Amino acid sequence: MPEYRTAQIRNLALMGHTGSGKSTLIEALLYRAHAINNRGRVDKGTNHADFTAQEQAHHHSLEPSFLSFDYHEHHINLIDTPGLADFFGRALLPLPAVESVLLVVHADRGIEAVTQRAFEHAREQGKAIVVVINHIDDHLPGLEALVEQIQTRFGHGCLPVNLPLADGSAVADCYFSPDSNTQTLFSDVASVHDELIDTVLEEDEALMELYLEQGESLSPEQLHAPLETALRQGHLVPICFTSAEQDIGLSALLKVLVEVMPNPLEATPPQFLKGWDDQEQPVTISQNPEDHVLAHVFRVGIDPFVGKMGVVRLHQGTIDTGMRLLIGDGRKPFKISHLFKLQGGKQLELKQAIPGDIFALAKIDGLEVDAILHDSHDEDHYHMPKLALPQPIFGLAVKPKRRGDEQKIADVLHKLVAEDPSLHIEHQENQNETVLQGLGDLHVQIALEKANEVFNVDMDTAKPSVAYKETITAPAEAMHRHKKQTGGAGQFGEVHLRIEPLSRGEGFQFESQVVGGAIPGQFIPAIEKGVKEAMAQGFLASFPMQDIKVVVLDGKHHAVDSKEIAFVAAGKKAFLEAVSKASPVILEPLVDMHVQVPQDKMGDITGDLSAHRAMVCGTEALDNSSVDINVEAPLAALDDYATRLKAMTGGEGQYSMTFSRYEVAPPSVQESLMH
Ligand SMILES: Nc1nc2c(ncn2[C@@H]2O[C@H](COP(=O)(O)OP(=O)(O)OP(=O)(O)O)[C@@H](O)[C@H]2O)c(=O)[nH]1
Ligand SMILES: [Mg+2]
């Protein structure tokens, strides 16, 4: 049995823009807690969180990694996440497994794109948030302004719980036992303390009255319950200051993690659902170690030597080695032969897991992201809400270098997607292309690099066609009679249908209004099949069609010659005939893009974007002399944007984009695609 109980566990995911110092902070905390003897460095590829060969070569975290340590009778699980925008999907995966998000902000660069997005996701999922302003060793002067920026963006409940000393060499506690004589860099200990207490007491009227009437000074223990409510409701976001590099503010941060941030029994309870589709119901779980086992697999890693490794958060019950568990609605239990605690790349044997803990299981084939593990059929059909991962917007067509390697490639692509569900594989049949899609160029490149270096599968890549689509802009009707009499059995089917445009993003709807058995019921699905085949193949320029409603109005059949194949063909031809009369158009994907550049480069950047058909939606001045430009732009025009931006800003700009919507492409673009 581990030497800690559920209430002593703290689970935190470190999120924030690349370079803010998440991995370095983890290294510093591990060292401070004596969990490691040698302190590694990101720039030397020796730190514990970035243990894969790829991370060490790129000096960036590329996958979530798991580290833990014991500190003052608590067990702290830290999950490091990648801060590069392309890997945001991977950074989101651990969220369901933690109570708290530790949002790391660079003292000089302020709130950057990924920090903002991470905050929004953490808030949406009801996580307690602690902001850590790191890099204070080389950026003291702007800290007061940065706190104001954080309050403007993330709310006035963002309050320092400690403040840097005037020379930045340490931090002064403003919450637990404040000393109002301490000279701080800005503001002062007493007023920050009062503000914190007022915010916490907002959650508990009785305690507030006691405080006001009797002038009682309240102990941290008395404040704990309202503090926990304030964190859960997002009314309070503590801010801490650190230098991970110079070891400043670490003990103060650890005290906050242990004494302020919630344990698994507090915080927003995990959201389990039972049943599928319209049967889906929220269920409450107990987090009791004696109850049935209920665990959630939130990360899968695939190693050519170790095999499949699933990282699991146990929510209820106790898991012992030797136990048998079920995966999801599966019937066949598997045996747990080992439980591991991960420490970066190391696996440490664990005998038993208790609710609230995070650990790993190895060599279990059926594990996949979002699988539920349980030990009783009472928990069949349990699941967690699906994480809304960012839509892929960049793709590369992949082909084997050697003929005959197609199957090997398909296998490795599936492994990559199993590890990272924000990667997608798309087969564009009409162009005979397999496209690996991700959130950006780097995302796809790093995945292919892994395929090559880790799984030994080398692929040729080519720029894929942008994912254009086709649709119709007017309703139309058409009829087709499919009739074949070739010697033996004939084929006969006649379909009369109407098509109508749907709103953008609605996809496909199919309905039959056939009455009186003009087309027997069993042939209606055949018509739908024919229509879907035609939609996949496109009409104008072989792009898949979307946002179309098809209504089968009438038709004819023949008692002997009517077969499924005849109605597939009739459905397809009738549909295509209708499309030709329904003013078809080509749609192109638009992305929502944020470009952050120095203020003096703004004119050049917006000019260039407008010349590439982008619409500027808004600009926002960021405190640190740069500006955030929000544009909606056609993806096709952003092909080489990374290079263009680098050239225009001398490498000082950065951007991130997410899929926005499909829009009718301008006539000139449509024209060029049809030839
Ligand atoms: N001066 C100074 N440098 C720091 C501090 N924290 C981190 N660094 C340096 O900043 C660089 C980036 O730090 P990382 O820890 O890799 O940042 P990260 O947030 O993990 O970045 P990603 O993994 O790309 O998301 C490294 O070279 C660190 O040595 C700090 O407090 N002060
Ligand atoms: Mg990192």
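Visitor: How many C-beta neighbours does Leu373 have inside 10 Å, and does Leu373 count as buried or exposed?

Guide: First, a caution: this is a predicted model. Now the case. Leu373 has 27 C-beta neighbours inside 10 Å, so Leu373 counts as buried. The cut-off for buried is 20 or more.

Visitor: Which element holds Leu373?

Guide: Strand E21, residues 372–374.

Visitor: Which residues does Leu373 touch, leaving out those up to four places away in sequence?

Guide: Val293, Ala295, Val297, Val312, Leu325 and Ile327. Now set sequence against space. Leu373 and Val283 are 90 residues apart in sequence, and their C-alpha atoms are 16 Å apart.

Visitor: How do strands of a sheet pair?

Guide: Strands of a sheet pair through backbone hydrogen bonds, either parallel or antiparallel. Here, take the open sheet of three strands in the order E11-E10-E22, with antiparallel pairing.

Visitor: Why is one side of E11 and of E22 left without a neighbour in the sheet?

Guide: Strand E11 (281–283) and strand E22 (382–383) stand at the edges. Each has a single partner strand, so one side of each has no neighbour in the sheet.

Visitor: How many bridges join E10 to E22?

Guide: Two bridges join strand E10, residues 272–274, to E22.

Visitor: What about strand E20, and why is E20 largely enclosed?

Guide: Strand E20 covers residues 358–362. Four of its five residues are buried, so E20 is largely enclosed by the rest of the structure. Five bridges join E20 to strand E13 (residues 307–316), and the two run antiparallel. One pair to look up is Met309 with Ala362 in E20.

Visitor: Now a helix. How do I read its faces?

Guide: An α-helix has 3.6 residues a turn, so residues three or four places apart point the same way.

Visitor: Let us move to the ligand. How many residues surround ligand 1, and which are closest?

Guide: There are 21 residues around ligand 1, and the closest are Gly21, Thr24, Ser61, Gly83 and Glu245. Next, sort the shell by class. It has 12 polar, five charged and four nonpolar residues.

Visitor: Which element gives the most to that shell?

Guide: Helix H1, residues 22–32, with three residues.

Visitor: How is the protein chain divided into domains?

Guide: Domain 1 takes 6–193 + 225–259, and domain 2 takes 286–383. Then come domain 3 (394–462), domain 4 (470–582) and domain 5 (586–673). The centres of domain 1 and domain 2, taken over C-alpha atoms, are 28 Å apart. Their contact takes 16 residues from domain 1 and 17 residues from domain 2.

Visitor: Which elements give two or more residues to the side of domain 1 that touches domain 2?

Guide: Strand E1 (9–15) and strand E2 (65–71). E2 gives the most, with four residues. By class, that side of domain 1 has 10 nonpolar, six polar and no charged residues.

Visitor: What does UniProt list for residues 7–265?

Guide: The unreviewed UniProt entry lists "domain: Tr-type G" there. In the model, residues 7–265 are 36% helix and 19% strand. The end C-alpha atoms of this stretch are 6 Å apart.

Definitions and conventions:
Residues numbered from 1 in each chain as written. Chains lettered and ligands numbered in written order. Predicted model: local features only at pLDDT ≥ 70, side-chain atom pairs only at ≥ 80, totals over all residues. Pairing = 2+ DSSP bridges. Near = placed C-beta within 6 Å. Nonpolar A, V, L, I, M, F, W, Y, C, P; charged D, E, K, R; others polar. Domains from an automatic or database assignment. Contact = placed C-beta atoms within 7 Å. UniProt positions renumbered as here; feature names shortened; annotations may be inferred. Buried ≥ 20, exposed ≤ 12 C-beta atoms within 10 Å, placed from the backbone.
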